[in-house]
Structure formats: structure tokens, C-alpha cells
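Hi,

Here is the structure I promised you. Have a look at it first, and my notes on the two ligands follow below.

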Amino acid sequence: MIDWANLPFGYLKTKSNTRCLYSEGKWGKMEVTESENINMHMAATCLHYGQECFEGLKAYRGKDGKIRVFRWEENSKRLNRSAARVGMPEVPAELFKEMLFTLVKENADFVPPYGTGASLYIRPLMIGMSPRLGISASTEVLLILFCSPVGPYYKGGFKPIKVIVERGSDRAAPLGTGTVKVGGNYAAALNMSIKSHEMGYGAALYLDPKEKKYIDECGPANFFAIKGDKYITPKSTSILPSITNMSLQALAEKKGLTVEKRQIPLTELAECDEAAECGTAAVISPISAVYDPDENKTYTFGDQVHPGKNCVELYETLVGIQYGDIADPFGWISFVE
Ligand code: PLP
Ligand code: COI
């Protein structure tokens with residue numbers, strides 16, 4: 001029996017996953033498999049040269065029992081941007097959709113019941129499979145979509161976390177791969193992620209890699225702040241365009257906030273009322289404090305215990321649309337019949 005209401009954000013075995021192999025210049029037929037393993041050559045380009053990219057999206061069960069997928073077309077587009085950046089082929093949206101909807105239907109029993117706060121996380125993964133010693137792109141590429149029921153990314157769910165500013169390393173270069181979802185970005189942030197957890201912080205907050213002055217994003221999520229009646233979020237050539245952030249910007253505008261996407265000097269946090277991380281896994285994770293160890297300065301937000309009122313409203317509206325409690329005026333939801 002799965003304890004749906006207490007699920008962590010982790011991998012749990014489900015019934016099956018969907019796969020498709022690109023070979024000789026074209027995609028093959030989608031397969032459904034119960035195997036959790038991949039048989040690959042030890043010289044595969046994904047292992048040595050990081051020729052891989054991935055995605056993350058969720059399916060939600062509503063009060064009506066129906067399963068809803070959130071903005072999958074955006075993940076399909078972003079997967080293709082990532083794939084192109086690391087020399088892998090385009091995945092037609094129709095193929096992505098077939099693999100996604102088949103996966104969710106196959107694993108419908110693993111879509112958590114309504115009211116548990118959990119959801120089904122879907123992880124598309126694309127990897128270069130050809131054996132290579134010299135640096136060149138794979139001609140065989142494997143696309144896998146697997147899933148796992150998950151709870152909140154940060155223990156405690158919608159509760160404020162503290163983050164620490166990282167100046168000693170960058171997760172992406174100014175014109176590097178920060179704008180796409182490739183494994184190397186996460187590998188580059190792993191040591192700091194471990195260190196920040198050991199120091200008692202929820203995450204590291206990265207600054208722009210060129211000037212080390214402006215806020216970029218956290219390891220697994222974008223950043224936004226509320227400043228008076230403004231929703232401000234970084235514009236940068238080294239952060240991932242978050243689908244959650246894009247959705248929150250639409251919701252913020254709808255509720256009368258002015259959205260500003262621009263460079264945000266770290267020091268501007270002193271003038272902000274609320275701050276948060278946002279992403280598929282993180283949803284909205286409010287930030288109560290940003291600690292800058294180099295300046296020995298802490299920026300604090302709200303009463304340290306409760307999320308701020310704009311974060312609460314944005315969270316409730318976003319999650320309400322995802323679970324189908326609130327009408328979706330944007331066309332963000334697709335039903336899995
Ligand atoms: N930034 C990074 C580095 C991420 O890994 C993610 C997660 O996908 C996000 C931001 C949030 O993006 P999205 O809202 O599309 O999940
Ligand atoms: C997501 O939010 O989908 C992510 O990919 C974040 C993460 C767990 C790397």
C-alpha cells in the first residue's frame with residue numbers, strides 16, 4: 001500500500017515506461033516496457049560526454065477522478081531546444097504526446113488520489129547511445145518516459161525555506177547550457193547542493209556567472225520576488241525558462257500585479273516583500289531568508305513561518321487549476337482519457 005499523503009519527492013517503481021529509439025535518421029515505434037534498466041554500451045556518448053537531456057512534468061487526479069496533465073506542449077518544445085543544444089534529434093510533438101499519454105494511462109493506478117497533495121511526476125529522458133571515443137554525436141538516441149508518484153520537493157511542503165548565495169561556483173556559463181535542461185548543469189551544482197543541505201539550507205541561490213551581481217536561479221527551480229505590487233523575476237542567459245514561472249507570471253498579471261522580467265541585483269532583495277523558488281517539483285517554495293556568506297548579510301521575508309499573501313494566492317490558484325478545482329481559462333490542462 002502506498003502512503004500517498006506522505007510521499008517524498010523520490011523514485012517509486014511503477015508498472016511500466018515508454019521508450020523509442022532513434023536510429024538511421026528516424027524514430028522507430030514506441031515500446032511499452034516493464035524493465036527499469038537500460039542495456040547500453042560502456043562507450044555511449046551520454047556516459048562520457050554528457051549527451052543527454054531531460055524534462056519534468058506532472059499529472060494530477062482531480063475530485064472528479066479524471067487525470068490532468070499540465071502544459072505538456074511546453075515540455076515537448078523545451079525538450080527539443082535542449083536536444084538541439086547537445087546534438088540530438090527533434091522529437092515530433094505527436095510522438096512525445098503518444099509516449100506521454102500511453103505512460104500515464106498504463107500507470108493510472110499510480111496517479112495519487114485527489115486530496116493527498118501528491119501527483120505523478122513524469123520524467124522524459126533522452127540519451128546518446130552510440131559508442132564513441134572521439135567527441136562526436138550519437139547516431140542512436142533513446143527517448144524514455146518514466147514516472148513516479150511524488151510528494152513535495154521540500155519536506156514540509158508549502159513552508160518557507162532558507163537559501164544560501166553561492167559565489168564560489170557556477171552551474172552554467174553566461175552563454176553555456178543554463179537555458180536548457182541537460183544533466184551537466186545539475187552535476188555542476190551537486191557539490192554545492194550537498195554543502196548547502198549540510199549547512200541547513202534548502203538550496204543554493206546562484207548569481208549571474210559573469211558579474212556575480214544579479215540573481216540567476218536555484219539548482220532545481222527559478223526565482224521570483226514580490227516587491228510592492230510587482231512580480232519580479234530574473235532575465236538571464238544562464239537560467240532555465242521555467243514553465244511554472246511562465247504560468248505564475250500569467251496568474252500574477254491576472255490578479256493585478258505588474259510583471260517585470262529583468263536583471264535583479266541581489267541587494268534589491270532588501271526592498272522585496274516576498275521571495276520564492278518555483279518549478280514543477282518545487283511548485284512554489286516560499287523563501288524566508290537569503291543568506292549571503294560573502295557579505296555576511298541575511299535578507300529576510302515575512303514572519304519567517306508563514307508564506308506571504310501573494311505566494312499563498314498564486315500557489316492556491318496554480319495548484320487549483322492543476323487539480324481541476326479552479327477553471328482553467330488558459331488551456332493549460334489536457335485530460336488523459
Ligand atoms: N530551473 C531549473 C534549473 C530546473 O531544473 C527547473 C525544473 O524543471 C526549473 C527551473 C523549473 O522549470 P519548470 O517550471 O518548467 O519545471
Ligand atoms: C523539475 O522541477 O521538474 C525538475 O526537474 C527539478 C529537479 C528535480 C531537477
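Let's start with ligand 2: a backbone N or O atom of Thr 280 lies 3.5 Å from one of its oxygen atoms. The protein buries 89% of the 280 Å² that ligand 2 exposes when taken alone (Shrake-Rupley areas, 1.4 Å probe). This is a predicted model, with pLDDT of at least 70 needed for local features and 80 or more for side-chain atom pairs, while totals for chains, interfaces and linings use all residues. Residues are numbered from 1 along each chain as its sequence is written, chains are lettered from A and ligands numbered from 1 in the order written, and side-chain values use heavy atoms, leaving out hydrogens and water.

Side chains reach ligand 2 as well: an N or O atom of Tyr 121 is 2.6 Å from a ligand oxygen, and one of Arg 123 is 3.5 Å from a ligand oxygen (polar contacts here are pairs of N or O atoms within 3.5 Å). The residues around ligand 2 (a heavy atom within 4 Å) include Phe 9, Phe 54, Lys 181 and Pro 220. At least three come from each of domain 1 (4–150) and domain 2 (161–321), with bounds from an automatic or database assignment.

Now ligand 1. Of the 16 residues around it, Tyr 186, Glu 217, Ser 242, Thr 244 and Thr 280 come nearest. A polar side-chain atom of Tyr 186 is 2.5 Å from an oxygen of ligand 1, and for the side chain of Arg 78 the distance is 2.8 Å. The protein covers 96% of the 380 Å² that ligand 1 has on its own.

Cheers

Definitions and conventions. Polar contact = N/O pair within 3.5 Å; in protein donor to acceptor, adjacent residues only side chain to side chain.
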